[in-house]
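Good morning, and thank you for coming. I ask you to look first at the sequence and the structure on the screen, and then to follow me through a few of the features.

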Amino acid sequence: MKNRIKLLRKIKKLSQEELAERCNVSRQTINAIENDKYDPSLVLAFALADILETSVDELFINKEDGE
């Protein structure tokens, strides 16, 4: 599943470490999600969307949709 986390994180001027701390996960988890190597739990997806001030739908892109 593709995502816009890195783009939105940079717009908010947050480091991976800062975003990770706010989500109570490791920096490595944020890195893996940004690089499409790990799909977050629903709880984490909502936390990321909340912190990045967007919706889960806007944050994640289904690869099968062709986007």
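Let me begin with charge: the chain holds 11 positive and 13 negative charges, and their mean positions are 8 Å apart. In this count Lys and Arg are positive, Asp and Glu are negative, and His and the chain ends are not counted. Each charge is placed at NZ of Lys, CZ of Arg, CG of Asp or CD of Glu.

A word on the source. This is a predicted model, in which local features need pLDDT of at least 70 and side-chain atom pairs count only at pLDDT 80 or more, while totals for chains, interfaces and linings use all residues. Residues are numbered from 1 along each chain as its sequence is written, and side-chain values use heavy atoms, with hydrogens and water left out.

Now the overall architecture. The chain has five helices and two strands, in the order β-α-α-α-α-α-β from the N terminus. Helices (H or I, at least four residues) and strands (E, at least two) are DSSP runs, numbered from the N terminus. The C-alpha trace spans about 30 × 20 × 20 Å along its principal axes. Of the 67 residues, 34% are buried; buried means under 20% relative accessible area, exposed over 50%, and partly exposed in between, with a 1.4 Å probe and protein chains only.

Which residues of α2 are buried? They are Q16, L19, A20 and C23. These four lie on the same side of α2, because they cover an arc of only 100° around the axis, the arc being that of the directions from the helix axis to the C-beta atoms. In general, an α-helix has 3.6 residues a turn, so residues three or four places apart point the same way. The buried residues of α2 pack against α1 (5-11), α3 and α4, where contact means heavy atoms within 4.5 Å. On the face turned away from that buried side, α2 carries the exposed residues E21 and R22.

Is N24 buried or exposed? N24 counts as exposed, because its relative accessibility is 71%. D36 also is not a glycine, and its phi is positive at about 55°. D36 is placed in the loop between α3 and α4 (42-51), and with a relative accessible area of 27% it is partly exposed.
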